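This report describes one protein chain.

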Amino acid sequence: MSEKDPKTSQDLTVVVQSLLQQMQDKFQTMSEQIIGRIDEMSMRIDDLEKNISDLMTQAGVEDLEEDIKVRETSGTG
């Protein structure tokens with residue numbers, strides 16, 4: 001039985017190392033996917049902010065906001 005013990009121990013070590021490597025690979029893949037999704041979401045938010053700004057400019061909302069601020073500070077509002 002002493003002949004089998006080292007082999008069993010070596011086999012167990014190999015199996016555990018293999019499982020740990022698989023877990024590390026999966027964790028790395030998931031991390032990359034999460035970071036990729038966060039980057040994509042950030043780009044979408046930037047695009048949304050730009051589109052909203054463009055729409056506000058086209059609608060003249062920015063001009064109205066500036067007029068209101070001027071009136072409030074001059075006391076004519």
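A residue is called buried when its relative accessible area is under 20%, exposed when that area is over 50%, and partly exposed in between. In this predicted model, buried residues make up 1% of the 77 residues in the chain. The accessible surface of the chain comes to about 7,400 Å², and carbon and sulfur atoms account for 58% of that area.

The secondary structure consists of two helices and zero strands. Helix H1 covers residues 4-59. An unreviewed UniProt entry lists residues 31-58 as "coiled-coil region". In the model this span is 100% helix and 0% strand, and its end C-alpha atoms lie 41 Å apart.

**Salt bridges**

How many salt bridges does the model contain? The count comes to two.

| Arg 44 | Glu 40 | 2.9 Å |

Glu 40 and Arg 44 both belong to helix H1 and are four residues apart, about one turn of the helix. Lys 50 and Asp 54 are also both in helix H1, with a spacing of four residues, again about one turn of the helix.

The accessibility classes of three of these residues can be stated. Arg 44 has a relative accessible area of 57% and is therefore exposed. Glu 40 counts as partly exposed because its relative accessibility is 37%. Asp 54, with a relative accessible area of 32%, is partly exposed as well.

**Nonpolar surface patch**

Which residues form a nonpolar patch on the surface? The patch is made of Leu 12, Val 16, Leu 20 and Met 23. Together these four side chains' residues have about 410 Å² of accessible area. Leu 12 lies in helix H1. Its relative accessibility is 55%, so Leu 12 counts as exposed.

In summary, the predicted chain has two helices and zero strands, with 1% of its residues buried. Helix H1 holds both Glu 40 and Arg 44, both Lys 50 and Asp 54, and also Leu 12 of the nonpolar patch.

Methods
Residues numbered from 1 in each chain as written. Predicted model: local features only at pLDDT ≥ 70, side-chain atom pairs only at ≥ 80, totals over all residues. Heavy atoms only, no water. Patch = residues over 30% accessible without salt bridge, like charges linked within 9 Å, V, L, I, M, F, W, Y side chains within 5 Å. Areas by Shrake-Rupley, 256 points an atom, 1.4 Å probe, with all protein chains shown as cover. Buried < 20%, exposed > 50% of the residue type's maximum accessible area, 1.4 Å probe, protein only. UniProt positions renumbered as here; feature names shortened; annotations may be inferred.
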